[in-house]
Each structure stands twice: as structure tokens, then as C-alpha cells.
Amino acid sequence: MSTRTDTRSDTPVAYGFEGNLRRYLRGLGGLIVFLLVWWVGAMLTQPSYLVPSPLDSVRAFIDLFATTTAIVVPVSGSSLVLPTGLAHLTETLFHYVPGLLLGAGGGIGLGLLMGWNGALDDWLRPLVRVLRPIPPLAWIVFAIVWFGIHHTGAAFIVFIGAFWINFYAAYGGVEGVAGDLTDAASTLGVERDLSMLKLVALPSAAPQVLTGFRTSIGRCWMIVVGAELFGAPGVGYEIINASNNLAMATSVAYMFLISLAFLCMDIGFRLFEGRVLAWR
């Protein structure tokens, strides 16, 4: 049975059934306090629609699945009829998933190469320092001009956000590879630079790379809402559209939907990460 030290004392707290139950009860207590503060704030705010109550928000969330909406599937052009909330979430996923995967793949690949190859790092580091501070949402005007107001433009914004998060995670992971590991690999006959990267650097950097990807999963959900501000279809657009009509409970309902989607993805990736890093 593992133990940890409670933040308020030096007494070890068991991570058995009682320890886990205590943690869950604390989490439940924090959630209840948040809901009470939210409810009181909604009761005291006038006009009432400015801060919808938790109950009104739950009703609006249920209403998202009471009707159906037809959406167009990119590339194939076929239509798909789904419950309204799920339909708009699917529209968001049409640009969120490609942007995330392509951005993560590009960022990890370049980060590994620059972190391992000093000459390439010298060539590209000034360019990275110029481009990195630019926020992903600053590229919206170029996304509109280059790709139009649709999935491709929004995917481009998500791509940029995912790229830099994963780039620095991979870059830092490779830079932090211990010299003892490379020396031991050389002694065992690993001489080619590519083999050293594949057999030594990449496994050593894997925890940091996976942490970067997990971070980008959550960060890109934040970015995708901004990426839909210019009219790309999806949950972010519906949040803005509902708020323009003063349907704030509907906006909160879509925010809940984003939160649930993130939680499902995060739990799934944590299970995947546990399997990949089981050797630790």
C-alpha cells in the first residue's frame, strides 16, 4: 500500500480504500461548495439571464439532445443527422482532431530533430524564437484568407496551438537525455545517429513528449472556441451565437459539453499513457 504526506501535516495518509474515499469526499465537497456559490450568485444577479442557475443550465444541457440537427461531413459531402448537441460537437471534432494530430506530429518531429541535431538547432532556433510568441488566434485573419470560413481554417488555428506545445515538450525531452545513457549505448555498439535517437533519446524523452501531448489535448479545446469565433461551425460558434441571443444557459450547456468531451479524451489518453510507460 502506497502512502503520501497530507498537505497539512507530516502524517502519512494511506492510499487504500479509506485514503481514496477521503480524497473523493473532499472533491465532492469542493464541487458542492462551487455549486452553492454559483446558485447564490445566480439568485442575487439581476436580470436573471446574466448568470443562469445550475438547474437552468442542466435543463438547457438536456434540451441539446431533445432535437436533431443535420450536419455535412467534410470531404465526403454526405449529411449526418444527430442530436443537436452531439451534432455541433461532431462539427468541432472535424477540425479539432486533424488540427491536434497534425500539429502534434509536426511539433514532436521537429522538436526531436532540433533537440538532437545541433546544426539544425542553430539554423532554426532564431526562426522559432520569432514565431513562437505569436498567439494561435492571431493567425485567424490568415486562416480566413487562405482557407475560408470553414473546417480547414479552424483546423489551421488548432494546428498552430498543438504544434508549439508538442514542439517544446519534445525539444526539452531530447535535450534532457542523460549523457550516461548515450555513453552506455555507444559502448554497446549503437553508433549511428538515427539509431541513437530511436533507441535512446526517444524512449528517454517519451514521458515528457506524452505529457506535452496530453497538455495540448486540453489547450486545444480552449483554442478551438476562439478558432470558431469567425464563423466556423461547432460548439464554440454555438456558445457565441447563444450569448448573442442572451441564451446564457445554452452557452453554459455547451461549455459543459466541451468539458465532458475533454474529460473523456483525457481519461482515454491517461490509460494509453499508462500502457506506453509501463516500463517505468
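This is a predicted model: local features need pLDDT of at least 70, side-chain atom pairs count only at pLDDT 80 or more; totals for chains, interfaces and linings use all residues.
The largest nonpolar core contains 25 residues. Within this core, Tyr96, Leu100, Trp221 and Val235 have the most contacts. Five helices each supply at least two of its residues: H3 (84-116), H6 (151-175), H8 (193-227), H9 (235-244) and H10 (248-276).

Leaving aside residues up to four places away in sequence, Tyr96 touches Val158, Ser216, Ile217, Cys220, Trp221, Val224 and Met265.

Aromatic rings form 19 pairs, counted by ring centres within 6.5 Å. One of the pairs joins Phe142 and Trp146. Their ring centres lie 5.2 Å apart and their planes meet at 50°, so the pair is classed as tilted. Both residues belong to helix H5 (residues 140-147). They are four residues apart there, about one turn of the helix. Phe142 is partly exposed, because its relative accessibility is 39%. Elsewhere, ring pairs connect Phe159, Phe163, Trp164, Phe167, Tyr168 and Tyr171 into a cluster.

Leu21, Leu25, Leu28, Leu31, Ile32, Phe34, Leu35 and Leu36 make a nonpolar patch of about 740 Å². Of these residues, Leu36 is located in helix H1 (residues 17-44).

Definitions and conventions. Residues are numbered from 1 along each chain as its sequence is written. Side-chain values use heavy atoms; hydrogens and water are left out. Rings of Phe, Tyr and Trp (its six-membered ring) pair if their centres lie within 6.5 Å; planes under 30 degrees apart count as stacked, over 60 as edge-to-face and the rest as tilted. Buried means under 20% relative accessible area, exposed over 50%, partly exposed in between (1.4 Å probe, protein chains only). Patches are made of residues with over 30% relative accessible area and no salt bridge: like charges are joined within 9 Å, nonpolar side chains (Val, Leu, Ile, Met, Phe, Trp, Tyr) within 5 Å. Accessible areas come from the Shrake-Rupley method with a 1.4 Å probe; for residues, only the protein chains shown count as cover. A salt bridge is a side-chain nitrogen of Lys or Arg within 4 Å of a carboxyl oxygen of Asp or Glu. A nonpolar core is a set of buried Ala, Val, Leu, Ile, Met, Phe, Trp, Tyr and Cys residues joined through side-chain atoms within 4.5 Å. Contact means heavy atoms within 4.5 Å.
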